[in-house]
Amino acid sequence: MQPSCARCRNTDDFDIPISMAFQPILRAPVPGTPSLFAYEALVRGKDGAGAASVLARVNSSNRYAFDQACRVKAIEMATKLDLPATGALLSINFLPNAVYEPRNCIRATLAAAQRTGFPLSALMFEVTEQEQVEDPEHLLHILNTYRQIGFRTAIDDFGAGYSGLSLLARFQPDVVKLDMGLVRGADADPARVIILRHTAAMCRELGVTLVAEGVETAAELAMLRRLGIDIFQGYYFARPGFEHLPMPHLPC
């Protein structure tokens, strides 16, 4: 174990107060009958300030503690809000560069889950395709270890960068979340419809669940449904709820 792991496990080293907002991800196979798939935990300032205000204060000396603090805060708050009773997963973003050795650096997460009684099987960890990963092999090691522990795994912002297909070829996560830049306005863009259609087909063949992020209009939703996508996240259904679990709205 590298010496920095001790700091990585210590959430007390991050002295910037944080809280969480939660945005629902819903499965809607039939119009008007949605079911919750997950809630994504999104870091916020203690006063509800956006993620940017917190992330601007994260640097190489405190990112390890920040990553751990976010995990613990998300689990503690989700438990307080009784998220497990909804049947939804709790999706938590993580920083791969803040993890030295996955089994050592997961201790704070496991301790929080044990302390609160939050089921490990209901935890999903997202890594964004755009994350500047220092060592791709290390990322694969993290994802494989998390799967062995029993967590779900997800690639976020798929299609926003250049490494997504390469990563997907080597590791098939439980979930792929389409980048909102591919989704927004795609109903009026034939090129993006083609890309989305083939991405949906690829994920089906790989046995990977596909989530469309950033859905904001009825036209986008209808187009995604036609492509066989039935799990969604976006303002069309619900905005993130600061320190509460908003229920999604699905127009008929």
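Visitor: Let's start with Phe 94. Buried or exposed?
Guide: Phe 94 is buried, with a relative accessible area of 3%. Bear in mind that this is a predicted model.

Visitor: Where is Phe 94 found?
Guide: Phe 94 sits in the loop between β3 and α4 (102-105).

Visitor: And what does Phe 94 touch, if I skip residues up to four places away in sequence?
Guide: Asp 67, Arg 71, Val 99, Phe 125, Glu 126, Val 127, Leu 139, Ile 142, Leu 143 and Tyr 146. Take Glu 126 from that list: Phe 94 and Glu 126 are 32 residues apart in sequence, while their C-alpha atoms are 6.2 Å apart in space.

Visitor: Okay, Glu 126. Which side chain meets it in a salt bridge?
Guide: Lys 177 does, at 2.8 Å from N to O. The pair connects distant parts of the chain, with Lys 177 in strand β6 (residues 175-178) and Glu 126 in strand β4 (residues 123-128), 51 residues apart.

Visitor: Are those two buried or exposed?
Guide: Lys 177 is buried at a relative accessible area of 0%, and Glu 126 is buried with a value of 0% too.

Visitor: What else does Lys 177 form a salt bridge with?
Guide: Glu 213, where the closest N and O atoms are 3.3 Å apart. Lys 177 is in strand β6 and Glu 213 is in the loop between β7 (209-212) and α10 (218-226), so this pair ties together parts that are 36 residues apart in sequence. Glu 213 is buried as well, with a relative accessible area of 5%.

Visitor: Which residues are linked in that network of salt bridges?
Guide: Glu 40, Glu 126, Lys 177 and Glu 213.

Visitor: How many salt bridges does the structure hold?
Guide: Eight. Another one of them has the side chains of Arg 115 and Glu 76 meeting at 2.6 Å, N to O. Arg 115 belongs to helix α5 (residues 107-116) and Glu 76 to helix α3 (residues 63-80), so the pair ties together parts 39 residues apart in sequence.

Visitor: How do Arg 115 and Glu 76 come out on accessibility, exposed or partly exposed?
Guide: Arg 115 counts as exposed at 52% relative accessibility, just past the cut-off, since exposed means over 50%. Glu 76 is partly exposed, with a relative accessible area of 31%.

Visitor: While we're on helix α5, what about Thr 109? Buried or exposed?
Guide: Thr 109, which is found in helix α5, counts as buried at 0% relative accessibility. Leaving aside neighbours within four places in sequence, Thr 109 is in contact with Gln 68, Arg 71, Ile 75, Leu 123 and Phe 125.

Visitor: Switching to strands. Why is β2 called largely enclosed?
Guide: Because 10 of the 11 residues of strand β2 (residues 35-45) are buried, it is largely enclosed by the rest of the structure.

Visitor: Which strands pair with β2?
Guide: Strand β1 (residues 18-27) is joined to β2 by 10 bridges, and the two run antiparallel. Leu 26 has Leu 36 as its bridge partner in β2. Strand β3 (residues 89-93) pairs with β2 in the parallel sense over four bridges, and Tyr 39 has Leu 90 as its partner in β3.

Visitor: What about the largest nonpolar core? Which residues have the most contacts inside it?
Guide: Phe 22, Leu 90, Phe 94, Phe 118, Leu 224 and Phe 232, in a core of 70 residues. The largest share of this core, nine residues, comes from α3. In soluble globular proteins, nonpolar side chains tend to be buried together.

Visitor: What does Leu 224 touch, again skipping residues up to four places away?
Guide: Val 183, Leu 196, Ala 212, Val 215, Ile 229 and Phe 232.

Visitor: Last topic: how much space lies in the largest pocket?
Guide: About 850 Å³. It has 36 lining residues, and the closest to its centre are Glu 40, Leu 42, Ala 51, Leu 55 and Asn 93.

Visitor: Which element gives the largest share of that lining?
Guide: β2, with five residues. The elements giving two or more residues to the lining are β1, β2, α2 (51-55), α3, β3, β4 and β5 (152-158).

Note on methods: Residues numbered from 1 in each chain as written. Predicted model: local features only at pLDDT ≥ 70, side-chain atom pairs only at ≥ 80, totals over all residues. Heavy atoms only, no water. Salt bridge = Lys/Arg side-chain N within 4 Å of Asp/Glu carboxyl O. Buried < 20%, exposed > 50% of the residue type's maximum accessible area, 1.4 Å probe, protein only. Pairing = 2+ DSSP bridges. Core = buried A, V, L, I, M, F, W, Y, C linked by side-chain atoms within 4.5 Å. Contact = heavy atoms within 4.5 Å. 1 Å grid on protein atoms, 1.4 Å probe; cavity = no way out; pocket = protein on both sides within 12 Å on 5 of 7 lines; lining within 4 Å. Points joined across faces, edges and corners; volume = space filled by probe spheres on them.
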